[in-house]
Amino acid sequence: MAALAAGVLLPLPLAACGSSDSQDAEAGNVGSARAGGDVRAAARQQIASGGTLRWAVDAPPSTFNVFQPDSTEATQRVAGATLPSLFALDKRGRPQADPHFLRSAEVTDTDPRQTVVYKLNPKARWSDGRRLGAADFRAQWKALRGKNHAYWTARNAGYDRIRKITKGDGNDEVKVVFNKPYADWRSLFTPLYPKQAMRSPKVFNDGLRTSLPAAAGPFRVAKAGKDRSRTLLKRNPRWWGDRAKLDSIVLTAVPRDERTAALAKGKVDVADIGASTAERIGASNGLGGPQRPDAAEGAKNAAEARKQEAKRREARKRKARERLGAATARALGDYEVRRALDPAYTQLTLNASGGPLADERVRRAVAQAIDRDELAEKALAGTGLPDDPLGSHLRMADQDGYRDNSGAFGSADLDSAQSLLADAGWKTGGLAGPKADGSAGKADGEQKKQGKGKDGKDGEQDRADGGPAEPPAAAGSPDAGGRAPHRAAAEASVVRLTAGQIARVVDRPLGLAASATAQRGAVLAQAAHSSLASAEQAGSERKLSRARAALETAEKVQATAREMRLLAGDPASAVRSKDGKPLALRFVLPSGKGSAQLRATGKRIARMLNEVGIRTQIKEVPGDSYFKDHIASGDYDLALFSWPATAFPATEARPIFAKPRAASDGSLLVEQNYARVGTDRIDQLFEQAAAELDDGRRQELMEKADRRIWAVAGSLPLYQRPQLVAVKRDLANVGASGFASPAYQDMGRRKS
């Protein structure tokens, strides 16, 4: 969901090449189930010259300036095709010098100051004929260094460390001198804009919204439609590299919920899609899943296995045509699905600024009550991709240097979660009713101060860097019945809730008849499943939408019935309370068709938290206000959204985990740390890593920072998102690239 934030918070350098698996593609036409990237590769001599590629994007580019806060996915796409990327990312997320623009770039001195010398490719030219040079570097530095606030920039990290930029010894050399060591210097000047685009705040802020003054890539911006829904890129005649195979690329804005229809009508050639659309394309191709056809179980001969698979595929095609409609099935059969893990991850954020989650023990309990393995498995089911939960806040599973640092907080441990909640004063047994004398009662036990560690400091316990601090074990030993002490105490103190108390625990009033509610939910579910089957048979998108909405309503009623039963009779998972208040958290989720996966994950999390006595008040809000009005403003307890990955975590991930600071006006400066919790030690580790030029030592510092981020339990990485891309069958060198972006000049249609 953080589409709004993706271009703002961590803009990524665009890579020059993608990975391939052409043999697998020829066999199954569905792409491989790999994390590193999945592109049908073809040599340039196998690609026909000419033609137009229609590429679906979520929204039109509101600007062509990737350094502005409102840049979009389309902005990044335009930059990758038209502007210099000095360092590109390979499929493992490693920065590599792009020879189209650089002969070399290296640190030539560290004493008295770090100096980097860029030796540019002498053939590199802007489309106006001028050479790339120091003037372009200097203009971009001055615009992004943060001294002139008239420039509306999304970030200035790294540029603010530069002392000066001059010409080098040769005509094509640029010398950059830093005020202090900066390890992530390769992240700078990618993309590089021509000097005239950065010369004034007016051009930077407004001029780049409609045009680029010059290009230096295989394509150039030719036209942006009046409604900005279509952006036309044409071949750049001044490009000095291999001539682009395509005549043009058209970026077309197509909302996610309209992608299937656009593909069925043949309106686009390439589009990111969801799992349901991928399944429909697979069915249209007679494919039951992402497995290879020569892996048919029990087949003794590969040729015979392929023959049998071909028969099964034809049978599946016939069924697909019957279910989807012949015309739709034939149209979707013109596409194949490419699969990779997206360089972005979904995570649960816990707002530590107030309420129960201000207590680190409660945040840790939430982390240990959640089965991340199940969440990842459900979210990635049917994608053909690895479904392991993500074990790092700073690197993706397919990224160079990845290591699982989750430790004790990476797997579900309900007993530890129960112990942590009991230690924090949240007792099982519901809300205590009035005393005999009519006065209000309190939950059992004296309450401890929230958010204090052993040394009395908020979240600043002295922990070793070997891993997250282990949660405290439950006091005492199991009783004669084998029950943990906290569970035995809970069973002894359980009380039945009144209607008023139930209404305080959930976000809607509940009736008191659990059996009636369960029966109603079952009837609604039966009717919804019948409608869903009928809609699939008819191939009607409108009927499918209505049936899914009915099924979602039925699931809500069934969830209500389950919660009523829990509240009424299950002491182990009855709501916890403290000082007469229930342990209930506000869980904010985005509404809309494009956020269905997030909502499904959120509901699974809510059910898991039920098991330890934590109730969630799920509130669905419009997607366009979700981030601005709730996440950024702190109006939530729990929230789900995604962060883009980065090859430079010491610099670009730091704002997400930096300790909030008090501003002069009394407000809290959180940067992008929407969990609003951090420590001085985490900040120190990021600062040390940003200045550490030794790659091995910098990796060690980032490992320590990640372990401490896990320990404060402000956010919980869940899974790396799937990247599913529908691609016309005759296209090559474009697909699901993962970290790497394709070489735009090599994209095109294969010769017949």
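Helices (H or I, at least four residues) and strands (E, at least two) are DSSP runs, numbered from the N terminus. The model is a predicted one, in which local features need pLDDT of at least 70 and side-chain atom pairs count only at pLDDT 80 or more, while totals for chains, interfaces and linings use all residues. Residues are numbered from 1 along each chain as its sequence is written, and side-chain values use heavy atoms, with hydrogens and water left out.

I begin with helix α12, residues 372-379, where Glu377 is found.

Next, helix α8, residues 275-284. This helix is mostly covered, with 7 of its 10 residues buried. Among them are Thr277, Arg280 and Ile281. Just after α8, Gly286 adopts a positive phi of about 75°.

Finally, I turn to Asn156, which lies in the loop between α4 (134-144) and β7 (162-167). Asn156 also counts as partly exposed, at 27% relative accessibility. Which residues does Asn156 contact, leaving aside its neighbours within four places in sequence? They are Leu144, Arg145 and Gly146, where contact means heavy atoms within 4.5 Å. Leu188 is 32 residues from Asn156 in sequence, and their C-alpha atoms are 9.9 Å apart in space.

Key
Buried means under 20% relative accessible area, exposed over 50%, partly exposed in between (1.4 Å probe, protein chains only).
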